[in-house]
Amino acid sequence: MTTVEAPLKNVDVDEEPIKRFEVNYRGIFQKTLAYRITKDLVYIAHSDGKTAFSNGRYSDDPQRNGVPCANFAFFSDGLSEEELEAIASAKMDIDRADIVAVLDDTMVKGLEPWGHYGIRPINEKVVPGGTLLVISRRPPEDLVQFLEKKPFTYNLAILPGEASFAGLWYYRDDNTDVRVLGAVARISPEIISLDKAIAYVRKTYKNDEKVKALEDAYNSTKLSVVSANDGIVWPHRKPVLPAWNEFDEGIVVKAAPREFKMGPRGLGRNLDYKRGTSKTQRPVVRFDICTKCTLCWYECPDECFDPTPDGLYDVNYEYCTGCGRCAEVCPVNECIVMVDELNFKNDDSPWESFKKDPQSYTKMIEEKKGKGRMMPSHVTGKGESMSEVSKPVPFKVERGN
Ligand code: SF4
Ligand code: SF4
């Protein structure tokens with residue numbers, strides 16, 4: 001992987017005069033944000049004499065909190081609106097994109113949208129020479145370690161920033177919308193030019209701060225090239241939709257198996273829809289200080305806890321949506337803490353790791369937790385608060401065997 005000044009030139013596979021943009025966002029939390037981005041891209045392209053339109057993936061509605069969703073925008077210099085719509089959009093999903101934008105960097109671990117089965121790579125649709133644009137504070141190599149290998153080179157653009165939750169029912173504007181426009185202008189001036197983007201934002205929002213945010217994003221977007229075969233062999237089964245002549249007669253919806261046994265993965269769950277890619281953070285558990293009060297198991301809305309033979313509760317991360325409810329109700333200080341999902345490489349049972357080597361497990365999760373603790377507004381009622389843990393809770397030896 002090498003850092004570059006300008007992105008690789010996109011080679012359009014069919015030489016169609018169309019550019020395709022996809023934005024991946026967290027359902028509900030980022031819905032309005034994603035809509036504003038694709039809508040503004042279309043207006044800016046129109047102001048430059050291009051044909052353009054945007055739409056959303058039909059199967060993502062009704063949306064679920066945090067579930068990966070996508071909006072699209074299409075651009076052409078020569079086609080009429082009808083031609084562009086007929087070629088680019090007469091299908092439920094798109095199969096390739098010149099720019100794939102990602103509003104929450106934890107989505108690089110894969111996507112399981114609501115209307116699809118199976119976990120798909122985030123870079124699946126990037127064309128040769130195309131660009132994966134991620135909002136992240138991480139260096140490129142931290143993201144590439146989760147991406148599927150491609151047989152060709154493409155660009156990775158990183159727009160420095162956090163996963164924005166602007167876009168719930170009430171739009172809490174934090175300028176992420178215009179920042180993404182600035183990054184797109186940097187990556188692909190053929191889609192929108194910086195001048196046209198600035199003129200549009202100045203006229204539409206009448207706010208100098210937004211213009212500055214756009215320009216800053218244009219200048220701060222970092223570009224690197226991902227070489228062929230950088231990344232990993234995709235660890236998940238990719239879903240393949242059946243052809244029309246492969247459907248069974250009538251409609252058969254198979255029920256998820258209902259079963260229960262003690263220990264990790266003991267609860268029967270839906271094997272076709274796991275939901276785990278909905279999360280930005282995961283709960284880590286200090287089994288050594290757990291009082292076995294049952295509250296996490298009882299309160300988890302997704303039934304992610306498996307009772308274990310020693311009276312503890314294991315988390316199944318494949319199904320955890322990262323809602324944070326267990327961390328909120330756990331009565332023991334520092335026993336369940338929500339941690340950035342990108343700090344973890346697999347969904348292995350934390351209880352099994354603990355049983356294997358209690359001290360190493362506890363040390364490992366304390367390192368991943370770090371010292372900062374953020375309390376979201378819905379818990380404090382007074383906005384986000386940040387605090388620092390001065391001393392970690394010491395390892396409780398008697399539980400560690
Ligand atoms: S964060 Fe906790 S409560 Fe929420 S889904 Fe995951 S395990 Fe369940
Ligand atoms: S809520 Fe906390 S203390 Fe209670 S069982 Fe779960 S992890 Fe243990």
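This is a predicted model: local features need pLDDT of at least 70, side-chain atom pairs count only at pLDDT 80 or more; totals for chains, interfaces and linings use all residues.

Trainee: How do helix 1 and helix 5 sit relative to each other?
Mentor: Helix 1 and helix 5 are roughly perpendicular to each other, because that label covers angles of 65 to 115 degrees (under 35 is roughly parallel, over 145 roughly antiparallel, the rest oblique). Helix 1 covers residues 31-47 and helix 5 covers 194-205; their axes cross at roughly 115° and come within 9 Å. Axes here are lines fitted to C-alpha atoms over the stretch in contact, with angles from 0 to 180 degrees between N-to-C directions.

Trainee: Which residues make that contact?
Mentor: On helix 1, Asp-40, Tyr-43, Ile-44 and Ser-47; on helix 5, Lys-196, Ala-197 and Tyr-200. By class they come out as four nonpolar, one polar and two charged. (Ala, Val, Leu, Ile, Met, Phe, Trp, Tyr, Cys and Pro are nonpolar, Asp, Glu, Lys and Arg charged, and the others, Gly among them, polar.) Contact means C-beta atoms, placed from the backbone, within 7 Å.

Trainee: OK, back to helix 1. At what angle does it pack on helix 4?
Mentor: About 45°, with the axes 9 Å apart; helix 4 is residues 176-187. So helix 1 and helix 4 are oblique to each other.

Trainee: And who meets whom there?
Mentor: Helix 1 brings Leu-33, Arg-36, Ile-37, Asp-40, Leu-41 and Ile-44, and helix 4 brings Thr-176, Asp-177, Val-180, Leu-181 and Val-184. That contact has seven nonpolar residues, one polar and three charged. Asp-40 and Ile-44 turn up here, and they also belong to the contact with helix 5.

Trainee: What about helix 5 and helix 6, what's their angle?
Mentor: Their axes are 9 Å apart and the angle is about 155°. That makes helix 5 roughly antiparallel to helix 6. Leu-194, Ala-197, Ile-198, Val-201, Arg-202 and Tyr-205 of helix 5 meet Lys-210, Val-211, Leu-214 and Tyr-218 of helix 6. There are eight nonpolar and two charged residues in that contact, and no polar ones.

Trainee: Where's the cis peptide bond?
Mentor: Between Asp-61 and Pro-62, with omega near 0°. Pro-62 is in the loop joining strand 3 (51-56) and strand 4 (68-76).

Trainee: Zooming out, how many helices and strands are there?
Mentor: The protein chain has 11 helices and 14 strands. Those are DSSP runs numbered from the N terminus: helices are H or I with at least four residues, strands E with at least two. The C-alpha trace spans about 70 × 60 × 40 Å along its principal axes.

Trainee: And how is the chain divided into domains?
Mentor: Domain 1 is 2-226 and domain 2 is 276-399, bounds that come from an automatic or database domain assignment. Their C-alpha centres lie 33 Å apart. Between them, 14 residues of domain 1 contact eight residues of domain 2. On the domain 1 side, that's five nonpolar, three polar and six charged residues.

Note on methods. Residues are numbered from 1 along each chain as its sequence is written. Chains are lettered from A and ligands numbered from 1 in the order in which they are written. Two residues are in contact if their C-beta atoms, placed from the backbone, lie within 7 Å.
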